[in-house]
Amino acid sequence: MFTKAIVRKPCQAMLSGLTEANMGLPNYALACEQHQDYISALKECGLQVTELPALEDYPDSCFVEDVALLTPKCAILTHPGAASRRGETQHIEDAIKAFYPNIERIDFAGHVEAGDIMMVADHFYIGLSARTDAQGAAQLIEILNKYNLSGSMVEMSELLHLKTGLSYLENNNLVTFGEMRTHQDFTEFTRIEIDEDEDYAANCVWINGTVLVPKGFPKALHAIQQLGYKTREVAMSEFQKLDGGLSCLSLRF
Ligand code: CIR
């Protein structure tokens with residue numbers, strides 16, 4: 001169960017956010033509208049949402065998921081692999097302090113972005129991507145172990161973040177795409193495979209029994225509904241242009 005979420009309003013500088021999508025520039029007004037609807041969806045799932053102000057100095061700062069890992073037992077500030085995103089952590093720390101008395105951190109020797117971390121009960125899968133390295137993952141596992149939580153590293157080579165191609169929907173159900181479909185670390189899960197033409201829908205979010213799914217991916221939506229989940233579609237076109245998925249837009253805890 002989650003009870004809270006933290007989001008950050010997109011900034012106008014998002015037009016110069018990091019991207020490899022090649023889908024054109026985001027429309028800021030539409031992004032704000034979509035962000036508002038995302039917040040509504042979180043609230044419909046029963047979450048109390050903390051809305052942080054836009055940070056113009058950090059174009060990608062609406063993607064709050066990457067800069068902290070919030071677990072039921074501790075909060076960990078990451079050290080993003082993307083240099084332009086490192087300063088975001090100090091701003092998220094201010095917001096997290098209100099909820100977590102002790103905040104752990106990944107130090108400069110390693111890199112972690114929490115879009116690479118997937119929580120399955122007490123275990124955290126950590127993707128080794130262009131943004132998260134083994135040094136950072138090792139630090140993270142050490143911190144998790146202090147709190148009786150565990151972590152393991154997942155080799156990956158194609159996706160931006162681990163959760164670009166994986167979403168855990170609880171009850172052993174795992175949405176998978178691309179290199180994650182047949183990845184040896186996930187064969188014990190019941191896998192829902194996302195087709196190539198709907199790859200963006202591989203990033204969806206389970207919140208208290210409802211699954212948020214990006215709008216416009218009917219096969220993925222149907223497959224998730226077939227498993228018995230209630231679903232809520234959210235239009236995400238402007239964030240997709242910046243390689244950002246549904247999970248990236250919030251910290252849920
Ligand atoms: C970035 O490249 O860092 C942002 N434009 C997108 C971050 C997406 N975050 C995520 O997948 N967790």
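User: How do strands β9 and β10 run, and how many bridges join them?
Analyst: Strand β9 (residues 166-168) and β10 run antiparallel, joined by three bridges. Strands here are DSSP runs of E with at least two residues, numbered from the N terminus, and two of them pair if DSSP finds at least two bridges between them. This is a predicted model: local features need pLDDT of at least 70, side-chain atom pairs count only at pLDDT 80 or more, and totals for chains, interfaces and linings use all residues. Residues are numbered from 1 along each chain as its sequence is written, and side-chain values use heavy atoms, leaving out hydrogens and water.

User: What stands opposite T176 in β10?
Analyst: L166 does. The two strands form a hairpin with four residues between them, and E170 in the turn has a positive phi of about 65°.

User: And how does β11 run against β10?
Analyst: Parallel, with four bridges between β10 and strand β11 (residues 190-193). N173 stands opposite T190 in β11.

User: Are the β10 residues buried or exposed?
Analyst: All are buried (under 20% relative accessible area, 1.4 Å probe, protein chains only). N173 and V175 point one way, L174 and T176 the other.

User: Now the ligand. Which residues come nearest?
Analyst: L18, D60, D66, L242 and C248, of the 13 residues around the ligand (a heavy atom within 4 Å).

User: What does the side chain of D60 do there?
Analyst: An N or O atom in the D60 side chain is 2.8 Å from a nitrogen atom of the ligand. A polar side-chain atom of R85 lies 2.9 Å from a ligand oxygen atom.

Definitions and conventions
A polar contact is a pair of N or O atoms within 3.5 Å; within protein, one must be able to donate a hydrogen and the other to accept it, and residues adjacent in sequence count only if both atoms are side-chain atoms. Buried means under 20% relative accessible area, exposed over 50%, partly exposed in between (1.4 Å probe, protein chains only).
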